[in-house]
Amino acid sequence: MNAVEFVMGHALQWGSVALLMIGLYIVMTRGNLIKKVAGLNIFQGGVFLFYISIANVRDGTAPIVHEDAVLYSNPLPHVLILTAIVVAVATTSLALALIVRIRESYGSIEEDEMAEADMG
Amino acid sequence: MTDEFSIFGLVLLLIVLALAVVRLTSLLAVAILAGAMSFILAAVYTLLDAVDVAFTEAVVGAGISLALMLAAISLTTREEAPWRRRPAERILALLVSLVSGAGLLYATLDMPLLGDPTAPATLHVAARYIAESPASTGVPNMVTAILASYRGFDTLGEVAVIFTAGVGVIALLRHWREDRA
């Protein structure tokens, strides 16, 4: 296996790792809760991309029966990620509803201002 | 081959947009960039032959998620407060994400290459699904067949999760409306 093949074959996996790292960094460093949710969504995007890259088969087609198709890509990760995308939206909506409530109670959605309100 | 290069280009664009999300303090811009990222992800999924996932991502990720985020921003605030984290904390966070990223990168070195037809993931149960599901369920779309038939209990669990989230959102926001009135 030469270097070009190696890099081309792994590039998508490295790309999803990069998205994971950026999402994790946003979640850890940002105090704004909506920004944290956005970071979490980037993290999830990295995981989804990783799964879909596993399912791909060279020269394959989408997994829908077709006379000319020889190879199909793997439908199982597609099903898992389909479920995960919908669940991700459900959790995002719950998180955002919580954020709206937190804003009502604390008057802020910044972590440090919430901590100050709890202290005082 | 051209397909692979356009996929890499789009993923590079995704990473640039994610870095822009780190820098931006306008939450409106963050929400719009998140919608754009979902759409680019949908394009990448299409190029990777995952059409069902692509249209779910386009509708649910770029559509509903963006609408929810805009609604939350309109009910809270449009600007993020300036960064108040101490530099030491930021460096620690950067270190943690770099170390975990390095661990993941090390793990990918053992992964099969993109599109490898002999990868373990494509050899076991997936081959059976592809061979049998059109005949046994009568549905030409294998993703639909697996989702609704073979893994029907998974989908039932998914519906339970969505129902719970919906009940949670209603419980949280109904109370808030009564308080306001």
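Two residues are taken to be in contact if their C-beta atoms, placed from the backbone, lie within 7 Å. On this basis, 49% of the contacts in chain B with a separation of 6 or more are between residues 24 or more positions apart. For chain A, 44% of the contacts between residues at least 6 apart in sequence join residues at least 24 apart. The model is predicted.

Chain A contains 4 helices and 0 strands, and its pattern along the sequence is α-α-α-α. Because its radius of gyration is 20 Å, well over the 14 Å that the globule rule gives for 120 residues, chain A is more spread out than a compact globule. Along the principal axes, the C-alpha atoms of chain A occupy a box of roughly 70 × 35 × 15 Å. Of the 120 residues in this chain, 53% count as buried.

Helix α2(A) has 23 residues and reaches 34 Å from its first C-alpha to its last, close to the 33 Å expected at 1.5 Å a residue. Since 20 of its 23 residues are buried, α2(A) is largely enclosed by the rest of the structure. The 32 residues of α3(A) should span 46 Å at 1.5 Å a residue, and the distance of 46 Å between its end C-alpha atoms agrees with this.

Chain B is made up of 8 helices and 0 strands, in the order α-α-α-α-α-α-α-α along the sequence. Its radius of gyration is 21 Å, whereas a compact globule of 181 residues would have a value near 16 Å. The box filled by the C-alpha atoms of chain B, taken along the principal axes, is roughly 55 × 45 × 30 Å. In chain B, 23% of the 181 residues count as buried.

Ala107(B) is located in helix α4 of chain B. This residue counts as exposed because it has 11 C-beta neighbours inside 10 Å, and the cut-off for an exposed residue is 12 or fewer.

The contact between the two chains involves 81 residues of chain B and 73 residues of chain A. On the chain B side, the elements that give two or more residues are α1 (2–23), α2 (27–47), α3 (51–75), α4 (87–108), α5 (120–123), α6 (125–137), α7 (142–150) and α8 (152–180). The largest share of this side, 14 residues, comes from α3(B). By residue class, the side of chain B that touches chain A divides into 56 nonpolar, 14 polar and 11 charged residues.

In soluble globular proteins, nonpolar side chains tend to be buried together. In the present model, the largest nonpolar core has 67 residues, and those with the most contacts inside it are Ile34(A), Ile52(A), Tyr45(B) and Ile146(B). At least two residues of this core are supplied by each of α1 (3–29), α2 (33–55) and α3 (75–106) of chain A and by each of α1, α2, α3, α6 and α7 of chain B. When residues up to four places away in sequence are not counted, Ile52(A) touches Pro77(A) and Ile81(A), together with Tyr45(B), Leu48(B), Ala50(B) and Val53(B).

Key:
Residues are numbered from 1 along each chain as its sequence is written. Chains are lettered from A and ligands numbered from 1 in the order in which they are written. This is a predicted model: local features need pLDDT of at least 70, side-chain atom pairs count only at pLDDT 80 or more; totals for chains, interfaces and linings use all residues. Ala, Val, Leu, Ile, Met, Phe, Trp, Tyr, Cys and Pro count as nonpolar, Asp, Glu, Lys and Arg as charged, and the others, Gly among them, as polar. The radius of gyration is taken over C-alpha atoms; the globule rule is 2.2 Å times the number of residues to the power 0.38. A nonpolar core is a set of buried Ala, Val, Leu, Ile, Met, Phe, Trp, Tyr and Cys residues joined through C-beta atoms within 7 Å. The expected span of a helix is 1.5 Å times one less than its number of residues.
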